[in-house]
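This briefing goes through one structure by topic. The points below are meant to be read alongside the sequence and the coordinates.

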Amino acid sequence: MEEHWVWIWIGLAVVLLPVQFFIAPPYGRHNKNSWGLQINSKIGWIIMELVALLSFFISFVLGEGFTPVTLVIAGLFTLHYIHRSIIYPFLTRSGSKTMPVLIVIFAIIFNSINGYINGDYLGANPGEYPLEYFGDIRFMAGLTIFCIGAFINIIADYYLISLRKNGRQDVYHIPKGFLFGRISCPNHFGEILEWTGFAILAWNLPALAFAAWTVSNLIPRAWHHHKWYKQKFPEYPRERKVVFPGVF
Ligand code: NDP
């Protein structure tokens with residue numbers, strides 16, 4: 001895809017960052033059933049996240065070719081989305097909760113563009129990723145950040161899910177321990193780290209766009225979660241930050 005389109009895509013993420021502080025996308029705890037037609041949450045997650053996997057895979061394999069490095073980068077993207085689309089939704093404990101079809105449609109648009117531009121770039125530019133790139137500081141530093149982020153994201157998501165192990169599936173608890181002692185949303189912090197690491201290791205514009213969109217989606221979402229916790233639980237720890245330990 002032409003570079004200027006990716007810059008426009010990044011520009012849209014930047015514009016939506018402040019907007020999403022005013023409008024909390026209504027899924028999970030923020031779903032007020034006011035956005036029209038609803039769909040079961042698990043099914044919604046599977047559909048909207050599978051699109052990223054498919055669009056990435058198709059645009060990558062239809063490219064010019066691959067190198068061991070592009071295969072590893074594609075593997076990281078693919079592993080993340082296999083987990084997000086066909087493992088994570090089945091392990092959530094959200095009962096018969098729903099989400100608006102409109103959210104699923106927005107996410108399908110985001111995920112198909114994101115998957116397409118990232119797969120397309122890697123598939124079209126294998127020459128930028130020779131074998132020596134494995135030893136490049138960008139690859140090594142980015143991979144380290146990606147792995148730390150993925151670890152934090154997964155541990156935090158499954159910790160949250162485990163809070164409902166023995167109880168009702170529509171109840172929320174105050175999370176404690178792990179990074180929850182410092183921030184309200186370690187899962188979002190981990191995801192931001194993960195795609196920042198990916199942008200560093202892949203060092204291309206579509207990967208930067210993915211990181212920008214993740215920041216744009218998740219900093220406001222974490223802020224809404226944090227505000228919600230403080231309103232719902234008067235005893236919620238005051239010293240806890242939103243999403244970046246010790247900072248915000
Ligand atoms: P949440 O933290 O809102 O929810 C995660 C899961 O834990 C849900 O099943 C939720 O249930 C449950 N849960 C959360 N808090 C509690 C609690 N206090 N007590 C009991 N159960 C709880 O995560 P999101 O839905 O925002 O995101 C899910 C994943 O998707 C995250 O890993 C996130 O990083 C990722 N994501 C990535 C985006 C990107 O742009 N890259 C965009 C959006 C999400 P319930 O659904 O019932 O609230």
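Trp203 counts as exposed, because its relative accessibility is 52%. The place of Trp203 is in the loop between H6 and H7, and its phi is near 50°, a positive value in a residue other than glycine. Most residues other than glycine have a negative phi. The model is predicted.

**A second residue with positive phi**

- Asn33 also has a positive phi, near 55°, and is a residue other than glycine.
- The loop that holds Asn33 runs between helix H1 (3-22) and strand E1 (38-40).
- With 52% relative accessibility, Asn33 counts as exposed, since the cut-off for exposed is over 50%.

**Surroundings of the ligand**

- The shell around the ligand consists of 26 residues, of which Lys97, Asp157, Tyr172, Arg221 and His225 come nearest.
- By class, this shell divides into 9 nonpolar, 10 polar and 7 charged residues.
- Four helices each supply at least two shell residues: H3 (68-91), H5 (137-162), H6 (186-202) and H7.
- H7 gives the largest share of the shell, with 6 residues.

**Polar atoms facing the ligand**

- Arg221 has a side-chain N or O atom 2.5 Å from an oxygen atom of the ligand.
- His173 places a backbone N or O atom 2.7 Å from a nitrogen atom of the ligand.
- Thr214 has a polar side-chain atom 3.5 Å from a nitrogen atom of the ligand.
- The ligand taken alone exposes 890 Å², and the protein buries 94% of that.

**His225**

- His225, one of the residues that come nearest to the ligand, lies in helix H7 (residues 205-232).
- Is His225 buried or exposed? His225 counts as buried because its relative accessibility is 7%, and the cut-off for buried is under 20%.
- The side chains of His225 and His30 make a polar contact at 2.9 Å.
- Leaving aside residues up to four places away in sequence, His225 touches Arg29, His30, Cys185 and His188.

**Salt bridges**

- How many salt bridges does a search of the whole structure find? The search finds 4.
- One of them joins Glu191 to Arg84, with the closest N and O atoms 2.8 Å apart. This pair links distant parts of the chain, as Glu191 is in helix H6 and Arg84 in helix H3, 107 residues apart.
- Glu191 is buried at 11% relative accessibility, and Arg84 is buried with a relative accessible area of 6%.
- Arg84, Asp157 and Glu191 are linked in a network of salt bridges. Asp157 is also among the residues that come nearest to the ligand.
- Arg138 forms a salt bridge with Asp136, where the closest N and O atoms are 2.8 Å apart. Arg138 counts as partly exposed, at 28% relative accessibility.
- Arg168 pairs with Asp170 in a salt bridge, the closest N and O atoms being 3.1 Å apart.
- In that pair, Arg168 counts as exposed at 56% relative accessibility, whereas Asp170 counts as partly exposed at 44%.

**Val69 in helix H3**

- Val69 lies in helix H3 and is buried, with a relative accessible area of 0%.
- Which residues does Val69 touch, not counting residues up to four places away in sequence? They are Tyr129, Pro130, Leu131, Tyr133, Phe134 and Phe139.
- Val69 and Tyr129 are 60 residues apart in sequence, while their C-alpha atoms are 5.9 Å apart in space.

**Leu102 in helix H4**

- Leu102 is found in helix H4 (residues 101-124).
- Leu102 counts as partly exposed because its relative accessible area is 37%, a value between the cut-offs for buried, under 20%, and exposed, over 50%.
- The C-alpha atoms of Leu102 and Ser162 are separated by 28 Å, and the two residues are 60 residues apart along the chain.
- For Val69 and Tyr129, also 60 residues apart in sequence, the C-alpha atoms are 5.9 Å apart.

Definitions and conventions. Residues numbered from 1 in each chain as written. Predicted model: local features only at pLDDT ≥ 70, side-chain atom pairs only at ≥ 80, totals over all residues. Heavy atoms only, no water. Buried < 20%, exposed > 50% of the residue type's maximum accessible area, 1.4 Å probe, protein only. Polar contact = N/O pair within 3.5 Å; in protein donor to acceptor, adjacent residues only side chain to side chain. Contact = heavy atoms within 4.5 Å. Near = heavy atom within 4 Å. Areas by Shrake-Rupley, 256 points an atom, 1.4 Å probe, with all protein chains shown as cover. Nonpolar A, V, L, I, M, F, W, Y, C, P; charged D, E, K, R; others polar. Salt bridge = Lys/Arg side-chain N within 4 Å of Asp/Glu carboxyl O.
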